[in-house]
Each structure stands twice: as structure tokens, then as C-alpha cells.
Amino acid sequence: PTETMAIAVETWPEPGMTGRTEGATRLARLAELAATEAAHGLECELLGKWGSFGWWLQAFLGTVCLVSLVGKRFTDKVRRPWKVWFFDTAKQGVQAMMVHLMNIGLSMGFGEWLDADSDPCNWYWINLSLDCTLGVGTLLILL
């Protein structure tokens, strides 16, 4: 583990922590170390090698979502037929996957197109945040 990971674990509030100053100091040190690691080539990768932890995590989260939807179907008072449920779920799943893949593609492209210093993970976070705030707000106004 890197020094950044060790400090990240230390930044969580402890029972004896009296004020925000200690936590703020630790977070500032964490940001400084993260910037140093990024400068040395240790930066975030959106898509690692096939079969890496990130890919397995994506598959696990997708499976959890699907299992939760199936479980929810069994708790509904009025159950739709499996075919109707499948098409509704597939429509939402395809849309979510398309947005996810577009965000990944845009995040990887923004770093190259804009000659920015930030890594693709920063751009992904910005895209996701804007989509979940401004995008949803725009849809709400238009509806």
C-alpha cells in the first residue's frame, strides 16, 4: 500500500477527534500525496486490463442491480408478466449502460482533446455529477 492509502485510512473521523482541524490537515496531506503520485505516473485508469479488479467490480455491481430488481418484482402486489417485466428492465438497463459507456468515452477523450492536466477519473466524476444534477434538472423542467 502507498503512503496515500495509509493516510486515507487515517482521515476517517476517530472517536477521540475533537475538531475538524485534524481531519482537514490529514485531507490536505492526502491531496498533496495524491498529486505527487499522479505526477510520478500513478494515476487513475478508467478501464484497466480485462479481468482486473475494476472489471470484476462492474460485473458484481451489475449482478447486484439485476438481483435486486428480480427481488423487487416478487414483492410487488400486482406482478407484471415476466415478458413485460423483462422489457421494462432491459430498456432501463440498456439506457444505463449507454450513459455509462458514453461517460467513459467522453472522460477519456476530454483529457486528450482539451490538453488538460487532470486524469480521466476526474472527468468521469465531472460528467457523472453534471448528468445527475443539471441533466436531471433539465429533464424535470422539460417534462
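Me: Why are H3 and H4 called roughly antiparallel to each other?
Reply: Their axes cross at roughly 150°. Angles run from 0 to 180 degrees between N-to-C directions, and axes are lines fitted to C-alpha atoms over the stretch in contact. Roughly antiparallel needs over 145; under 35 is roughly parallel, 65 to 115 roughly perpendicular, the rest oblique. H3 and H4 are therefore roughly antiparallel. This is a predicted model, with local features needing pLDDT of at least 70, side-chain atom pairs pLDDT 80 or more, and totals for chains, interfaces and linings using all residues. Numbering starts from 1 along each chain as its sequence is written, and side-chain values use heavy atoms, without hydrogens or water.

Me: What makes H4 and H5 oblique to each other?
Reply: H4 (residues 82-113) and H5 (residues 120-142) pack at about 130°, with axes 8 Å apart. That angle makes the pair oblique, therefore, by the cut-offs above. Both are helices, meaning DSSP runs of H or I of at least four residues, numbered from the N terminus.

Me: Which hand does the crossing of H3 and H4 have?
Reply: It is right-handed. H4 also passes H5 in a right-handed crossing. Right-handed means the near helix is turned clockwise from the far one by less than a right angle.

Me: Which residues in H3 meet H4?
Reply: Gln58, Leu66, Leu69, Val70, Arg73 and Phe74 do, against Trp82, Trp85, Thr89 and His100 in H4. Contact means heavy atoms within 4.5 Å. These residues divide into six nonpolar, three polar and one charged. Asp, Glu, Lys and Arg count as charged; Ala, Val, Leu, Ile, Met, Phe, Trp, Tyr, Cys and Pro as nonpolar; the others, Gly among them, as polar.

Me: Which helix gives the most to the lining of the largest pocket?
Reply: H4 does, with twelve residues. H3 (53-75), H4 and H5 each supply at least two. The lining has 33 residues, and Gln58, Leu61, Gly62, Ala96 and His100 lie nearest the pocket's centre. The lining divides into 19 nonpolar, twelve polar and two charged.

Definitions and conventions: 1 Å grid on protein atoms, 1.4 Å probe; cavity = no way out; pocket = protein on both sides within 12 Å on 5 of 7 lines; lining within 4 Å.
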